[in-house]
Amino acid sequence: MKYTYVLPMLLICMACSTSQKKDHQLIEVNKTEQPPLIDGKATEQCWNLSDWKALDQNWLGDSYTHEDFNGRYKLSWDKDALYLLVEITDDVLYDQHKDPLTLWWDDDCVEVFVDEDNSGGNHQFTHNAFAYHIALDGNVVDLGPDEQPRLYNDHIVSKRNTNGNLTTWEIALKVYPDTFVDGAKNIVSQLSVGKKMGFALAYCDNDNSKERENFIGSVFVPGEDKNQGWINADIFGTLVLKE
């Protein structure tokens, strides 16, 4: 009789052992000796030494023109934070919800997805990974384990400058492990050479509509349903931190 139980347990263990996220869209990120001043001006040497990456995967919405939206980004890091430089060409910046916790995804915003240990898996209502929505006013929103939106403004410092249709975002992001607990005293992960992290970037674009018109990401997502990043960290790319 005991063998009846051993076989199912063995199969479960085998399934668990093969569920680890598979690395894809590997991006090597160079370390900076001097953290950038977060002023939205991109004058630091770390940005001169980084290559532009495309923000061009239409995860949600109809096709759009280059004039309506165009995006690209750069990355850097030091032991204290991950740094992003994001350039967005957008003919309309729209912020219809003044309450940062109301329909935040339907306003124009940058969304940064981070999985500290690159483990993948579900993170919809957990801190297995974070999906930070950075609003035009700088508020940072994600869903908490209580299934309610929360502000995580102490996780991210950002500054944006807009000149015509071009908006430049400069972002410093503290990376937290999956042991993060809301309302508790948490320790920021210290980043180091060779570390891998799950990562994706996206932009919610709304040109005066009730709902966002497009959701444009940095990672190719196979299949029909491409709006998976807020639930499934398996779709994230992988950052490899380099010297």
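A charge is said to sit over a ring if NZ of Lys or CZ of Arg is within 6 Å of the ring centre and within 35 degrees of the ring normal. In this predicted model, local features need pLDDT of at least 70, side-chain atom pairs count only at pLDDT 80 or more, and totals for chains, interfaces and linings use all residues. Residues are numbered from 1 along each chain as its sequence is written, and side-chain values use heavy atoms, with hydrogens and water left out.

I begin with the charges. Arg-72 lies over the face of Trp-52, 3.8 Å from the ring centre. Likewise, Arg-212 is placed over the face of Phe-215, at 4.4 Å from the ring centre.

I turn now to the aromatic pairs. Rings of Phe, Tyr and Trp (its six-membered ring) pair if their centres lie within 6.5 Å; planes under 30 degrees apart count as stacked, over 60 as edge-to-face and the rest as tilted. The structure contains 13 such pairs. One of them joins Trp-104 and Trp-105 edge-to-face, at 4.6 Å centre to centre with 85° between the planes.

How far apart are the ring centres of Phe-130 and Phe-180? They are 5.7 Å apart, and the planes stand at 80°, so this pair is edge-to-face. Phe-130 belongs to strand S7 (residues 130-135) and Phe-180 to the loop between strand S11 (166-173) and strand S12 (196-205), so the pair ties together parts 50 residues apart in sequence. Strands here are DSSP runs of E, at least two residues, numbered from the N terminus.

Finally, Phe-130, Tyr-132, Tyr-152, Tyr-176 and Phe-180 form one aromatic cluster.

Note on methods: Helices (H or I, at least four residues) and strands (E, at least two) are DSSP runs, numbered from the N terminus.
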